[in-house]
Amino acid sequence: MNAIRPIRTPAELTDAGLVAPDHLAGIERVAERYAIAISPAMAALIDRADPNDPIARQFVPDAAELNVTSEERADPIGDLAHSPVEGIVHRYPDRVLLKAVHVCPVYCRFCFRREMVGPQGLGTLSPEAMDEAFAYIGDHPEIWEVILTGGDPLVLSPRRITEIMQRLAAIDHVKIVRFHTRVPVVEPERIDDALIAALKASGKTAYVALHANHPRELTPTARAACARLVDSGIVMISQSVLLKGVNDDPDTLAALMRAFVETRVKPYYLHHPDLAPGTSHFRLSIEEGRALVAGLRGRISGLCQPTYILDIPGGHGKAAIGPDAIRQENTGCYTVSDFKGVEHTYPPSE
Ligand code: SF4
């Protein structure tokens, strides 16, 4: 099935063979609460014969999303607690998020900002709010990096991105501009010369953080889109979410990280899933996550290793929660495990 436009409604999901008619009522209730979009590239990638297809699991709504647990929260990583002006999140001293748009080309069922994105979400910043956001960045000389996120900033037209980049160009203390996006994978055709020129329009160092969670997302077309970005001088890094039923097994995780490196995308963050409403069916325990990440160590090159990250609920920032390779004993000596899990002794400092 090769759709030519995104699937956005329960009826379209049924027509596309992605939701059985007898499940439609539950999906309609999910659609009342959360946005739906599956891009043509992702719809084409779904194996309809596989009831556990990992691409479908990321994008096709599930009645399990109606189950909100007591620990889940609307703003799981505490964006609002650190938002001095609309569209800006200033959580760490040297960097801010600039959330210019709350629209995405796909809506991920596990999204940590699912209460903010989509047609009923926070929308696009008004010109006045944009002015305030740039004034805030300009007034804070400690801001070294601006991270465009949202929503997906690459849904903006090249003209709009160029305007943003030109405004950032005028702020001397901003040295790095980073875009967090799923576009090279889910709408690779958008990565054309005009968009690349826009991403580079500030003259600042540009990074693109690619969000992908399963190696099948790195199709030849997606890899070609990434190659266009990297060949233009943009540095690419990855971010993935560790998701039950999508990538929570060692083979899939290893293949995903290798696929990034083959595509010249340096593995960066592997996020533990956030406490977003209606997403408990995606969450595994931190111990399970640590065991999976420990298993990557001996299996794949150092180039392929991501940092396992937890965003501390409430807006307290990120913490690296990967397995420890070393511990100190009462004797002062250290016990360190090698990549096969065999333990060795390392002496204390003199
Ligand atoms: S692309 Fe990012 S912001 Fe958009 S729905 Fe997916 S996880 Fe959420």
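Which residue's side chain meets that of Asp251 in a salt bridge? It is Arg299, with N and O 2.1 Å apart. This comes from a predicted model.

## Salt bridges

Side chains of opposite charge can pair when their charged atoms come close. The count of salt bridges here is 24. Asp251 and Arg299 form one of them. This pair links distant parts of the chain, 48 residues apart. Asp251 sits in helix α10 (residues 250–262), while Arg299 belongs to helix α11 (residues 286–299). Arg299 has a relative accessible area of 38%. Buried means under 20% and exposed means over 50%, so Arg299 counts as partly exposed.

Arg109 and Glu65 also meet in a salt bridge, at 3.0 Å from N to O.

Another salt bridge joins Arg5 to Glu12, where the closest N and O atoms are 3.0 Å apart. Salt bridges can also form a network: one links Asp79, Arg91, Lys99 and Arg113.

## Helix α6

Helix α6 covers residues 158–169, which makes 12 residues. How far apart should its ends be? At 1.5 Å a residue, the helix should span 16 Å.

Four names make up the buried set of α6: Ile161, Ile164, Met165 and Leu168. They cover an arc of only 95° around the axis, so they lie on the same side of α6. What do these buried residues pack against? Their partners are the strands β2, β3 (145–149) and β4 (176–181), plus the helices α5 and α8 (193–199).

Strands of a sheet pair through backbone hydrogen bonds, either parallel or antiparallel. In this open sheet, 3 strands run in the order β10-β11-β12, and the pairing is antiparallel. β10 (326–328) and β12 (343–346) stand at the edges. Each has a single partner strand, so one side of each has no neighbour in the sheet. On average, neighbouring strands are turned by 25° against each other, direction ignored.

β10 pairs with strand β11 (residues 334–337) over 3 bridges. Across this pairing, Gln328 stands opposite Tyr334 in β11.

Conventions: Residues numbered from 1 in each chain as written. Predicted model: local features only at pLDDT ≥ 70, side-chain atom pairs only at ≥ 80, totals over all residues. Heavy atoms only, no water. Salt bridge = Lys/Arg side-chain N within 4 Å of Asp/Glu carboxyl O. Helix = DSSP H or I, 4+ residues; strand = E, 2+ residues; numbered from the N terminus. Buried < 20%, exposed > 50% of the residue type's maximum accessible area, 1.4 Å probe, protein only. Expected span 1.5 Å × (residues − 1). Arc of directions from axis to C-beta. Contact = heavy atoms within 4.5 Å. Pairing = 2+ DSSP bridges. Axes fitted to C-alpha atoms, helices over the stretch in contact; angles between N-to-C directions.
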